[in-house]
Amino acid sequence: MPLTVVEVEGADARSRLCEHVLRDLPEWFGIEDATAAYVRDVRELTTLAVGDDAFLSLKQHTPRAAEVYVMGVRRDRHRRGAGSALLAAAEAYLRERGVEYLQVKTLGPSRASDAYARTRAFYEARGFVPLEELHGLWEDNPCLLLVKRL
Ligand SMILES: CC(C)(COP(=O)(O)OP(=O)(O)OC[C@H]1O[C@@H](n2cnc3c(N)ncnc32)[C@H](O)[C@@H]1OP(=O)(O)O)[C@@H](O)C(=O)NCCC(=O)NCCS
């Protein structure tokens, strides 16, 4: 059955869903301050969801470019298409609004991590191109910048 993606209405609901999902993903979201910042920031961001299991929040930086600010799928639901369904819905939402480029930032490959190797495999499978690994943007971690033409 195709997965249904909905836009989450209400700042409190966005924050709650983000926390519910990220707390289930300690391999990716183990840094308390960073997780708390996501839970706070999604209050103001367009957020799409698949049930209570998965969400994606968007930040638009310029009229032509946006970012997947944060996304997550609860651990026992991985690899069942929720991430792809969220991304496809986000891309359609942005295209309708004239946005042409979508970026995402994630842990760069110079820091060994099986968990984030899977994350990068997901983005590349969905058409994102790794542009550059940035050092210094994040305090202790290399940041890989990926982009997709919508
Ligand atoms: C990354 C994430 C959002 C992907 O969502 P998902 O619902 O598991 O992904 P999908 O089922 O839509 O996978 C789509 C494709 O991506 C690739 N992919 C996804 N997970 C993968 C993995 N573990 N290893 C290799 N490729 C993978 C595959 O090509 C997959 O297609 P297939 O299953 O037909 O082979 C999810 O796994 C997640 O929440 N991870 C932890 C948090 C995270 O990384 N968030 C992003 C931080 S920047």
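Strand E1 (residues 6-7) and strand E2 run antiparallel and are joined by two bridges. Strands (E, at least two residues) and helices (H or I, at least four) are DSSP runs numbered from the N terminus, and two strands pair if DSSP finds at least two bridges between them. The model is predicted: local features need pLDDT of at least 70, side-chain atom pairs count only at pLDDT 80 or more, and totals for chains, interfaces and linings use all residues. Residues are numbered from 1 along each chain as its sequence is written.

E2 is also antiparallel to E3, with five bridges between them. These two strands form a hairpin with three residues between them, and Gly51 in the turn has a positive phi of about 55°.

| Residue | Bridge partner |
|---|---|
| Glu7 | Leu48 in E2 |
| Val50 | Ala54 in E3 |

Four of the five residues of E2 are buried (20 or more other C-beta atoms within 10 Å of their own, with C-beta atoms placed from the backbone), so E2 is largely enclosed by the rest of the structure.

Leaving aside neighbours within four places in sequence, Phe55 is in contact (C-beta atoms, placed from the backbone, within 7 Å) with residues including Leu17, Leu48 and Met71.

Key:
Contact = placed C-beta atoms within 7 Å. Buried ≥ 20, exposed ≤ 12 C-beta atoms within 10 Å, placed from the backbone.
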